[in-house]
Structures are given as structure tokens and as C-alpha cells.
Amino acid sequence: METLHIQGDRMAWWREARFGMFIHWGLYAIPAGVWEGRCIPGIGEWIMYNARIPVKEYEKLAKRFNPFKFDAKEWVRIAKMAGMKYIVITAKHHDGFCMFDTDLTDYNIVKATPFGRDPLKELSEACREEGLRLGFYYSQTLDWHHPDGMGNFWDYDLSKQEFTRYLREYVKPQLEELLRNYGPIAILWFDITTPTPELARELKDFVRRLSPETIISGRIGGGLRTPSTPFKGLGDYITMGDNQIPDRRIDDDWEVPMTLNDTWGYKSYDHNWKTPGRIVQMLVDIVSKGGNLLLNVGPTAEGEIPKPSVDVLLEVGRWLKNNGESIYGAGAAPLDVPIDGPYRCTYKPGMVYLHVFGWPWDGRLRVFGAKGRIEPRSASLLREPSTTLPWEWEGEGDLVIRVPEKALDSIDTVIILKEGMPKKGLA
Ligand code: FHN
């Protein structure tokens, strides 16, 4: 098997990026949470499981899948406007339907739908043109359509399943197609976990041999799980639980997959959108603890990213346009911030970015326990670099900065503290 050459650290661009777009798109966008007139509880892409839809019934959705409004360039434009630096899209989710052209099954978007196009190909071209990295989500364990995939107990006799055969004769050849036919694939985003450490190892070695630069998500599984550390198994980084932000910094690479409402795949009646302010503050919180945010959109069956999610993303993008310096390439700060503190800190060597969520009513911003952790030389507003903010030390090593009466940005006003010599070991 020929191999590609890896240049440098495969994680370097990912650490710089900090913010990516997750896309859950598949046949489940057609029922959009409703089956035979009933609203099915749970996340949209799980409808086949939650409603126990037989394979033969669910398959019929393919004939109705014609996302004629799909425009890869538009999706990439939205991601870029939102300030996102990479996209991860479902190539195959648990329902087993392949959103790419594959020789392994006709149950794919090119061969089984009236649409007949390969959206992953179109996306990979659009991403390449626009300088965005592209990754694929691939459900390596659960597959409710394939007789040897896991999870479908309502159609198949589980005792007759041969998972290892499925992994070797179906999953691996499909991954090879994805890695070979779609240009450089930045990430393979495995999910749930691979059933045994041996199979996880086999999968990892296979991907590495074929494409050494591809980052592998933590949910590939395998490796040693210890109770006190978040788990990355054989992956290149830790994937946190869905929507779970840790309460303190983690000195390893990690990412939170997050929904914009309460589902990943499109659900017509889920309108519980997070506000732009909440997303910005969560992104800041995540970067202040050293992680990445992978924020989900669930496009419709017609191929559009729902307008309410676009509206939120564009607002987030506007904030990032003004304050991106404090996010991209930034990481965990050397300060311990109280969990309920009205600010967060992100950090680059020589620069501390104070993100103020709750503007002080008395014009005095108190940064707790900063003495000995940071050595500020000057303080100013990121968006108004010429302003100089006076500051002093108080009490047990608190830094008190005198700030203008009003915040520049009600979501998060960023103050830059420039240091003298960056402290060793705190980056
Ligand atoms: O079961 C999936 C779910 O549908 C979704 O894809 C999320 C995204 O992180 N992962 C699994 C649950 O953790």
C-alpha cells in the first residue's frame, strides 16, 4: 500500500483553528423527527432506531431524497463567514446510508437517489478552493442497515452478526475510498467507540498507513481508559461527550462536539437555538481551557442549512472578525479563573486576552490570583489598541484594571494584557 508523506505535526493546523463546523446530513432529514404522523422523541438522526423503522421501510427514503438546493460553495461560504476553519460532515451515520459514491453498496446518494450527485466531492472541491480543511464523520461501529454492523436488533439476529468481517470487508474499504478519492482528508471522525482495542488498533494503523496526515478522533476507542482522565484512546485528541465542556483546563488536545439546538440531524420542530452570545461565550470558555469547538448544523432534505442557524453563525462570525486574534492559535491561560467568574482568559506567549462577559458596574475589573502567573506590562482594549487602561495589584495578588464605563461589546469585550518576558512553562 502506498503512503502519503506527512510534513510536521498533523495537529498544528487544528490547534490554530479552534472552531469548526460539524454537519449531520442524511436521509433522516426527510422525516425530520416525524414518522407516520408521530413526533419521535430524541435526536433527529436516530429516528430509524427510536421508531424501530425496518430497513426495507427506511430504505424507501432514498427514492425521495433530492436536495436540489444543495450548494457546496454556499455551505463553505457560511462556515467561513462564521469564522470556522474546518468542516466535518457525515459520510455515513448510524443509519448506514452513504452520502458519497461507493463501490461497496448501492445504498448511497449517487446510486440510490434522484439527486444522483456526490455532495462530498462537491464539498471537497469547494473547501479546497476556499482554503478550509475537510473531515469526514464515519460511523465505524453502529450501522443499522448492514447485517453485520452493530445496533439493529429489530431486523437482524445479533447472534449471527460478524462484526470483524464488517470492519475488514466494508468499513476499511470504504475508508480507503474516502481517503483516496476526496483529496487530503483532514480528520476522520469516528464515533461511539470501536468494539475492541484490537479492532480499534487495526483501524488506526490502517488509516495511518494510508494517510498519515489525517487526524483521528478520540472516539475510535482502544487504549487505556483511566477513571480520572478524559479518554482519547488511540485517537489524536480527546473528544468530549456531546455538548460537554470540562470545568477546567486540560493539557492535551481536545474538542467538544456541540449542537446549535437539541439535535444533530434536522428536526422540523426543534427551534431551541442557542443564541450567538451563548455560542461566543462557550467558544471562549473552551479555548480558555485549551480546546476546540465543533459546532453542528443539520441541513434540510432540500439541502439548505436552516436559516435560524445561519443567522446565529453569522453573528458569531461578526464577533470573531473583531476579536479573532484572541481565539485562533490561542490556548489555555496560566490563570485559574473561578468557574462562575465574569471573565475568561485565553493566551498566546506574551499576550493574555481577558474576555469580559460581565462588565464591572464600578469600572474596576478584578482578575483573581494573577500575581506570579502573569506579568503585565500594559493593558488595552483589543478593538481600540490605542487606549491605555491603568491597572494595579491589590490584596492577595489580584490584578485590578480600570475599565471604561461601558463595554464595547455586550457579549464579550476583550482586553489585552501584554507581558514582558512570557513565563516559562505556562504556554
Ligand atoms: O449517536 C451519535 C449522535 O447521533 C451524533 O452523531 C453525536 C455527535 O457527537 N455522536 C453520537 C453520540 O455521541
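**Helix packing and ligand surroundings**

The axes of helix H8 (residues 163-181) and helix H9 (residues 197-210) come within 11 Å of each other and cross at roughly 20°, which makes H8 roughly parallel to H9, a label given to angles under 35 degrees. This is a predicted model, in which local features need pLDDT of at least 70 and side-chain atom pairs count only at pLDDT 80 or more, while totals for chains, interfaces and linings use all residues. Residues are numbered from 1 along each chain as its sequence is written, and side-chain values use heavy atoms, with hydrogens and water left out.

**Helix pairs**

- Helices are DSSP runs (H or I, at least four residues) numbered from the N terminus, and their axes are lines fitted to C-alpha atoms over the stretch in contact, with angles running from 0 to 180 degrees between N-to-C directions.
- H8 passes H9 in a right-handed crossing, meaning that the near helix is turned clockwise from the far one by less than a right angle.
- Helix H5 (residues 72-81) and helix H7 (residues 119-130) have axes that come within 8 Å and cross at roughly 45°, which makes H5 oblique to H7.
- The crossing of H5 and H7 is right-handed.
- Helix H10 (residues 276-288) packs against helix H11 (residues 307-323) at an angle of about 50°, with the axes 9 Å apart, and the two are therefore oblique to each other.

**Around the ligand**

- Among the 14 residues around the ligand, His24, Glu45, His94, Asp191 and Asp242 come nearest, where a residue is counted if one of its heavy atoms lies within 4 Å.
- By class, this shell has seven nonpolar, three polar and four charged residues, with Asp, Glu, Lys and Arg counted as charged, Ala, Val, Leu, Ile, Met, Phe, Trp, Tyr, Cys and Pro as nonpolar, and the others, Gly among them, as polar.
- A polar side-chain atom of Glu45 lies 2.5 Å from an oxygen atom of the ligand.

How values were computed:
Polar contact = N/O pair within 3.5 Å; in protein donor to acceptor, adjacent residues only side chain to side chain. Parallel < 35°, antiparallel > 145°, perpendicular 65-115°, else oblique.
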